[in-house]
Each structure stands twice: as structure tokens, then as C-alpha cells.
Amino acid sequence: MRLIGRWSHLIIDAAMILLLAFGPHFAGFSGRQADLAFVLAGAMLLLIVFTLLKFLRFPIHGAIEMVIIILILIFPWLASFARGVHSRNFYMFIGVVMLVIWLMTDFREIRGRSVDREAIPKS
């Protein structure tokens with residue numbers, strides 16, 4: 001069941017942006033790994049802004065976010081910093097949390113729709 005609606009998801013995305021922006025400092029890594037987190041935070045911010053301004057529909061937001069999640073999960077190996085325990089664990093944590101949130105979100109926005117009782121066929 002999809003429990004998270006549009007506005008709740010966008011608020012959680014904003015929290016994820018903060019986590020991506022400040023997480024490297026608290027997790028204890030810097031350099032290329034931290035720069036990548038800042039770029040991802042910027043991409044997430046643009047995604048939220050475009051969704052709020054209605055340049056992107058919410059289902060498209062979800063599709064783009066899934067691409068970002070996959071990239072977050074493979075970046076430690078793709079960018080050759082998987083040996084850095086702090087950065088690898090940070091990206092794995094962020095990726096898994098975002099995946100769980102993505103799976104719980106109603107991107108088709110059918111959760112809040114009312115059911116037309118007359119349109120339901122009677123047995």
C-alpha cells in the first residue's frame with residue numbers, strides 16, 4: 001500500500017537534500033565523495049522545484065527519483081570510492097532510505113481520490 005502522498009513526499013525530499021548536503025561532514029569524509037553528495041543535493045532540489053512549479057508531473061518526479069536512487073546505490077563502485085567505509089556506508093544508507101520512501105509513495109496520486117460508487121459494477 002502506498003502510504004505517502006505528494007506533499008509528504010516533497011517534505012521528505014527536502015529533508016534528504018539536507019542530509020545529502022550536510023551528511024558528508026558528519027559522516028567524516030570529504031573530497032570527491034562529498035562533492036558528489038552536493039551535486040546530488042542540487043539535483044534533488046531542482047527536482048522538487050520543477051515539481052512544485054508543475055514543470056514535472058509527480059509520476060515523472062518518481063521516475064527521475066528512481067534513477068537518482070540507482071545512481072546513489074552504485075556510485076561508490078562506479079566512482080571507485082567503495083573502499084572508503086564512511087562514504088560507502090553513507091551512500092548505501094541514503095540509497096536504501098530513499099528506495100523505501102519511493103516504494104511507499106503514491107506517485108499516481110490515487111490514494112486521495114474518492115471512489116465513484118455508481119461506476120463500480122454490481123455483482
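Guide: A residue is called buried under 20% relative accessible area, exposed over 50%, and partly exposed in between, using a 1.4 Å probe and protein chains only. This is a predicted model, where local features need pLDDT of at least 70, side-chain atom pairs count only at pLDDT 80 or more, and totals for chains, interfaces and linings use all residues. Residues are numbered from 1 along each chain as its sequence is written, and side-chain values use heavy atoms, with hydrogens and water left out.

Visitor: Why does glutamate 109 count as partly exposed?

Guide: Glutamate 109 has 34% relative accessibility, so it counts as partly exposed. Arginine 6 has 16%, and therefore counts as buried.

Visitor: What makes glutamate 109 and arginine 6 a salt bridge?

Guide: The term asks for a side-chain nitrogen of Lys or Arg within 4 Å of a carboxyl oxygen of Asp or Glu. Here the side chains meet at 3.5 Å, N to O. The pair links distant parts of the chain, with glutamate 109 in the segment after H4 and arginine 6 in helix H1, 103 residues apart. In general, side chains of opposite charge can pair when their charged atoms come close. By this rule the count is one salt bridge.

Visitor: How many helices and strands are there?

Guide: The protein has four helices and zero strands, and its pattern along the sequence is α-α-α-α. Both kinds of element are DSSP runs numbered from the N terminus: helices are H or I with at least four residues, strands are E with at least two.

Visitor: How do you know what span to expect for helix H3?

Guide: The expected span is 1.5 Å times one less than the number of residues. Helix H3 (residues 58–78) has 21 residues, and its reach from first C-alpha to last is 29 Å, close to the expected 30 Å.

Visitor: Where does H3 bend?

Guide: H3 bends by about 35° at isoleucine 72, and proline 76 follows within four residues. The bend is the angle between axes fitted to the seven residues ending at a residue and the seven starting there.

Visitor: Which helices do the buried residues of H3 pack against?

Guide: They pack against helix H1 (6–27), helix H2 (32–52) and helix H4 (85–104). Among the buried residues of H3 are Phe58, His61, Ile69 and Phe75.

Visitor: Why is serine 87 called buried?

Guide: Serine 87 has 2% relative accessibility, so it counts as buried. This residue lies in helix H4. Leaving aside neighbours within four places in sequence, serine 87 is in contact (heavy atoms within 4.5 Å) with Phe29, Gln33 and Phe81.

Visitor: Why does leucine 46 count as partly exposed?

Guide: Leucine 46, found in helix H2, has 47% relative accessibility and so counts as partly exposed. A nonpolar surface patch of about 580 Å² includes Leu46, along with Leu45, Val49, Phe50, Leu53 and Phe55.

Visitor: What is phi for lysine 54?

Guide: Phi of lysine 54 is near 65°, a positive value in a residue other than glycine. Most residues other than glycine have a negative phi. Lysine 54 lies in the loop between H2 and H3, and it counts as exposed because its relative accessibility is 65%.

Visitor: Why is serine 80 called exposed?

Guide: Serine 80 has a relative accessible area of 61%, so it is exposed. Its place is in the loop between H3 and H4, and it has a positive phi of about 60° although it is not a glycine.

How values were computed
Patch = residues over 30% accessible without salt bridge, like charges linked within 9 Å, V, L, I, M, F, W, Y side chains within 5 Å. Areas by Shrake-Rupley, 256 points an atom, 1.4 Å probe, with all protein chains shown as cover.
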